[in-house]
Amino acid sequence: MAQAASVYPPLEDRPIKETICLFDVDETLTPARRSASPQMLQLLSALRHKCAIGYVGGSDLIKQQEQLGTPAINVTTLFDFCFAENGLTAFRLGQPLASANFIGWLGEDKYKQMVNFCLRYISEIDCPVKRGTFIEFRNGMINISPIGRNATVQERNDFNKYDNEHKIREKFVAELKGKFGHFGLTYSIGGQISFDVFPTGWDKTYCLQHLEHEKDVSGVNYKTIHFFGDKTHKGGNDYEIYEDSRTVGHAVNNPEETMKILREMFDM
């Protein structure tokens, strides 16, 4: 996988025509917030010789670099398309595409109202532990974590079990919908400890516009878009793109299942 994009056939010359495999990151390509295995990276490299590949994640590019790249290898060289923050920060063959901004869309006053409410609400949540970074501002969204994004791997696992029982995130989202329903926002629960908030329509389907534009760049019209994700249930952050008519959805539970499906589908 640690090869420059130039060693792969041009997009228009991939053997499996007009086809791309698009992947969620956490629990699809990697364990949650951890690195991809060498086996996964080798499989993706082999797949890239057959068809186009890309990823779409809610996290920012820095986190995806940590999980999919290395200190010496930029993640944007490992995929044909890299869609951070649902595609609001996007790269094609290592080159940046147009981006969008959450605060510019919502406005500072509304943003402050929401943040102030969230901080008060979080202060009253009773969960096993609390750490730091409860609200993380990203280019195209905010990420809200009742336990805090600085939690360790074990603390994340523990909170996820606690949340499955007590529905902490689900109740939090319901409160926000009731309070700020007129803001035109979507709330998407993903990963183990947090949920994303972004303008309606800025879910993972946002990245598909970049793929549709490819026919104007290279002449490739992606008629088959395979999407692999784990949070494909309603309310999960893979739901909209998984259900979208433009994609062929594949629900997985972990990276091992992703690899199994890829080997079967593409005879690898």
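**A walk through the model**

Guide: Happy to. This is a predicted model, and we can start with its largest pocket, whose lining residues divide into four nonpolar, eight polar and eight charged.

Visitor: What is the volume of the largest pocket, and which residues are closest to its centre?
Guide: The largest pocket has a volume of about 460 Å³. Its lining counts 20 residues, and those closest to the centre are I189, H233, K234, G235 and G236.

Visitor: How far apart should the ends of helix 5 be, and what is the distance in the model?
Guide: Helix 5 has 14 residues, 153-166, and at 1.5 Å a residue it should span 20 Å. The model agrees, because the C-alpha atoms at its ends are 20 Å apart.

Visitor: Which residues of helix 5 are buried, and where around the axis do they lie?
Guide: The buried residues of helix 5 are E155, R156, F159, N160 and D163. They cover an arc of only 140° around the axis, so they lie on the same side of helix 5.

Visitor: What do the buried residues of helix 5 pack against, and which exposed residues are on the face turned away?
Guide: The buried residues of helix 5 pack against helix 6 (168-180). The face turned away from the buried side carries the exposed residues K161 and E165.

Visitor: How many cavities of 30 Å³ or more does the structure hold, and how much space lies in the largest?
Guide: The structure holds one cavity of that size. Of the 27 residues lining the largest cavity, D26, S59, G190, G191 and N237 are the closest to its centre. The lining residues divide into four nonpolar, twelve polar and eleven charged. The space in the largest cavity is about 290 Å³.

Visitor: Which element supplies the largest share of the lining of the largest cavity?
Guide: Helix 2, strand 8 and strand 9 (194-199) each supply at least two residues of that lining. The largest share, three residues, comes from strand 9.

Visitor: Is L43 buried or exposed?
Guide: L43 sits in helix 1, where M40, L41, L44, S45, L47 and R48 are also buried. What covers the buried residues of helix 1 includes strand 1 (19-23), strand 2 (52-56), helix 2 (61-68) and helix 9 (255-266). Leaving aside residues up to four places away in sequence, L43 touches M259, L262, R263 and M268. Its relative accessibility is 8%, under the 20% cut-off, so L43 counts as buried.

Visitor: Where is L93, and what is its phi?
Guide: L93 is in the loop between strand 4 (89-92) and strand 5 (95-96). Its relative accessibility of 33% is why L93 counts as partly exposed. Most residues other than glycine have a negative phi. L93 has a positive phi, near 50°.

Conventions:
Residues numbered from 1 in each chain as written. Predicted model: local features only at pLDDT ≥ 70, side-chain atom pairs only at ≥ 80, totals over all residues. Heavy atoms only, no water. Helix = DSSP H or I, 4+ residues; strand = E, 2+ residues; numbered from the N terminus. Expected span 1.5 Å × (residues − 1). Buried < 20%, exposed > 50% of the residue type's maximum accessible area, 1.4 Å probe, protein only. Arc of directions from axis to C-beta. Contact = heavy atoms within 4.5 Å. 1 Å grid on protein atoms, 1.4 Å probe; cavity = no way out; pocket = protein on both sides within 12 Å on 5 of 7 lines; lining within 4 Å. Points joined across faces, edges and corners; volume = space filled by probe spheres on them. Nonpolar A, V, L, I, M, F, W, Y, C, P; charged D, E, K, R; others polar.
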